[in-house]
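Hello,

Here is the structure I promised to pass on. Please open it first, then read my notes below.

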Amino acid sequence: MYMTATLHGCLLSCLSSPAAMEDTSSQKSGQSKDALGSLTPQESPANFVHVELEEYEPADFSTKELILKKAREVCTCNRQTIITFFCQLFPVLDWLPRYNVKTQLLGDVISGLLVGIVAIPQSISYSLLANQDPIYGIYTNFFCNIIYVAMATSRHNFVGSFGVLCLMIGQSVNRHLQLAGYSNDNAGSSLVGNSTSSSNETAACDRSCYAITVALSLSFLVGLYQVLLGVLQLGFVAVYLSEPLLSGFVTGSSLTIITSQMKYLLGLKIPRHEGVGSFILTWVDLFRYIQNSNICDLLTSLVALAIIVPVKEINDHYKEKMKAPFPIELLVVIVATVISYYFNFKERYKSAVCGHIPTGFRKPTLPDIKLFSSLAVDALPIAVIGFAMTVSLAEIFGKKHGYTVRANQEMIAIGMCNLLPSFFYCFASSAALTKTLLKESTGTQTQVSGLVTSLVLLLVLLWIAPLFYSLQTSILGVVTIVNLRGGLRKFRDTPRMWQLSKLDTVVWWTTMLSSTLITTEIGLLVGVCFALLCIIFRTQRPRATLLGKVGNTEIYEDQSTYKQLSSIANIKIFRFESSLCYVNKDYFKTVLYQKTGVNPILLGAKHQRVKAQANSDTGNSKSFFSTRFDCLKQAKKRAEKSPADACPPSIDMHTLILDCGAMQFIDTVGLSVLKETHHDYKEIGIQVLLASCNPSIRHQLREGGWAGEIDSGGQLAFHSVHNAVRFAEWWYHVQQEESKEKKDALLDPEDLNFQASL
C-alpha cells in the first residue's frame, strides 16, 4: 500500500472561490509535517493535510478461468491426489499410523470401557424413547461408533443414540404407525418382546417390524441429507442455529422427553399423543388415570431415582478428583433386573419388562422407498439438529485440546453414520452429549476408545442381551430422565443470560416454549425464524449516537455513554452502528434528524417560504424607474448579511460528520440515502463528511458519486474521524476568510462612487 500526503487545491476550488484557492496554494510549502494529516490541538485549523491512499490495481477476475481452474484441480488424477483424497475422506489413515501405543492406548481403553458400560442402559432406554425394541438401540451405538472412528476429525465425540433425536424419531414412527392402522393401545408394552416374530421372516409385518422399517428409512434419508450437505460444502448452515437457540431447543425437548417417560415411571398405559399440544394432553391423561398407576413400577422408579440422582451429583461434584465416575446406572440396572427376575414382578405385579432381547445380528435390509415421500420432511430437522450437535461438540473439544475440526468432513462422517447403519436396523444418531463429556473426562486420546466401546456393546449383542429380559421399563424411564439433568439446568442460567443479552434470552425462551408446547419440529422452525427476526430487528433499528472528543486526544466516543467528553463547536459527529441498506434507510434518516436536532427538509422548506415571502414583498414595492438602484441595494444588503442570517437561526452547526466505522456495507439504497443526505444538508448550508469508511464502501462512494462533482475523487470520505474534524475546521476557517474578503470588497470606496454615479 502506498500513501501520499498532499493538499487538494481542486477540492478547495469546488468548495470555495478562486480567491480562497489562491490563499491556500500559497501555504503548500509548510504542510508536509505529518503523513497522516493529524494535527495537535495547538495547530491552526488552516494547517490541514488531506490523506489519500493509493490503491492496488484490482486483480482481473474471470469466472470462466476460475471454473476451469477448480475443474482441473478436481479432475487431476495421480498417486498423490488419490492419497490426499482418501486421507481427507478417512482421517483414520492419517492419524492411525502415528498412534503412540505407550502414551495413548491406556487412556483410550479405560475411557472406552467406561463409556461402553454407560452406553448399555442408555441404548436400551433410548430405544424405548424412539418407539423401538431394545436391541435396535444397541445396534445403533455399535455400528455408528465403528464408522465414526474411520471418518471423524474429532478425537472426543461419541456418536450414538441421542435423546432429542430419539424423541423426534419416536414421534415420526408413532405417526406412521397410526397411519398404517396399528393400534396405539398398550403402546408402552406392545413393542417390547415382539422382535422374535419379526425375526421369523413371516410374510406379515407386525407393529415392531413396521416401526423399525420406518426408523431405518428415516435414518437413510437423514444420512443422505447430511452427506449431500457435506459434499456440497454447506456446513455453514449450522451457523443459523445459535447457542441460545440450540440450548432452548434441547431444554424444551428435555421437558417433552420427561413427559413421555412419566407413564413408564407410573406404570400407566395411556396413548402417546402427537402434534400440537401433545405436551399438555399427555399431562392431562397422566392426572386423569393416575389412580391406575402400578404401585410396583412407581416404588421401583422412586427408589432408582433416590439412588441414581445423588450418586451422579457426587460424580459431577468430584469429577476433578475422581479418575472415573462411578457407573451407578449400570449397577442399578443389574440389581433391578436381578430383583425383578427373582420376585417375578411381571407375573405378580403386572410390571412392564423389556422381554426377550435376541442375540447376534440380523440380515441386512433395504429401506422402504415407499416411505420416502412421507418421511422427507421429518428427516430434515433431524439431519440439521444431528449435524449441529455433532459439530458444536467437536469444535468445543477441538478448541480445548488444540486440534482442528473440519465441519464439512464431520457432516459427511455423521451422514455416513446414519446412511450405512440404516441397512443394519439402526435409527438416526448424532454426537451424544453426556457420553461425549464422559469420554473426554476419562482421558480419551483418540477415537480408538470408540472401538473399545463397540467391543463392549458386541459382548452385549452376542451373549449378555437376553439377561435383561426381566428389566422393568420404569428403570429405563428413570435412566432416560436422569440423563436430562443438563438440559434442565439451563433454567438456572437464564438470569445471567438476561444480563448479558436480553434478545438472546427471549430467543431461548421462545424456542424452549414452542418446542415444548407445540412440537419439536415446529419449535425448531419457530426458534430459527425468531432468531433471524431478531437479527433483522437489530439491523433495522441499530444503535445510533453522537460522538464527543476525549480531552486533547484524537479519540471520539459516545456522549451518552461516557462522561467528560467535549463537543466540537458547530460540528456534529454521528455514528450509525450498522450497515446502511434498504431495511434501515428510514430509521437512519429519522434518528439522524433526531440526534442532530436539524431536519434539513423542514428547515429548507421553511427557508424557501421565507425567501419567497420576502421576494414577493420586495417585488410589490418596486417601481419601474428604481429597479436598477434597488437591485444594487439588495445585492449590498445580501452581501452584508452574515452566514448565520442566510440560514434559519435554529442551525447551530456548519458540518455533519458521519462515522461509518461500524458499517460493513451499503447497498444501492444506502448509497442513495447518503446522496440525499448530502444534498439536503447542502441546501441549508451544512456540509456532510464521511469518516472511517472501509475500502469497499469507499469504492462504492467513488463509483456512485455520492457527493456529485464536488467529490468526484472521494476527498470528502476520510480515513478517520479526527481527520474529518480537522478538515471541517479548516474548511470553516477558509469560508470565514472568504466571506470577510467579499464584505471588504463590497465596501470599497470606488464601488460606492460607481453606485453614486449611476
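**Helix α17 and what follows**

Helix α17 is followed by Gly-402, whose phi is positive, near 75°. Helices here are DSSP runs (H or I, at least four residues), numbered from the N terminus. The model is predicted: local features need pLDDT of at least 70, side-chain atom pairs count only at pLDDT 80 or more, and totals for chains, interfaces and linings use all residues. Residues are numbered from 1 along each chain as its sequence is written, and side-chain values use heavy atoms, with hydrogens and water left out.

α17 covers residues 372-401. Its 30 residues should span 44 Å at 1.5 Å a residue, and the end C-alpha atoms are 41 Å apart, which agrees. The expected span is 1.5 Å times one less than the number of residues. A kink of about 35° lies at Asp-378, shortly before Pro-381. That bend is the angle between axes fitted to the seven residues ending there and the seven starting there.

**Gln-226**

Gln-226 sits in helix α11 (residues 207-231). Gln-226 is buried, at 0% relative accessible area (buried means under 20%, with a 1.4 Å probe and protein chains only). Its side chain makes a polar contact of 2.9 Å with that of Asn-418. Such a contact is a pair of N or O atoms within 3.5 Å; within protein, one must be able to donate a hydrogen and the other to accept it, and residues adjacent in sequence count only if both atoms are side-chain atoms.

Regards

Key:
Helices (H or I, at least four residues) and strands (E, at least two) are DSSP runs, numbered from the N terminus. Buried means under 20% relative accessible area, exposed over 50%, partly exposed in between (1.4 Å probe, protein chains only).
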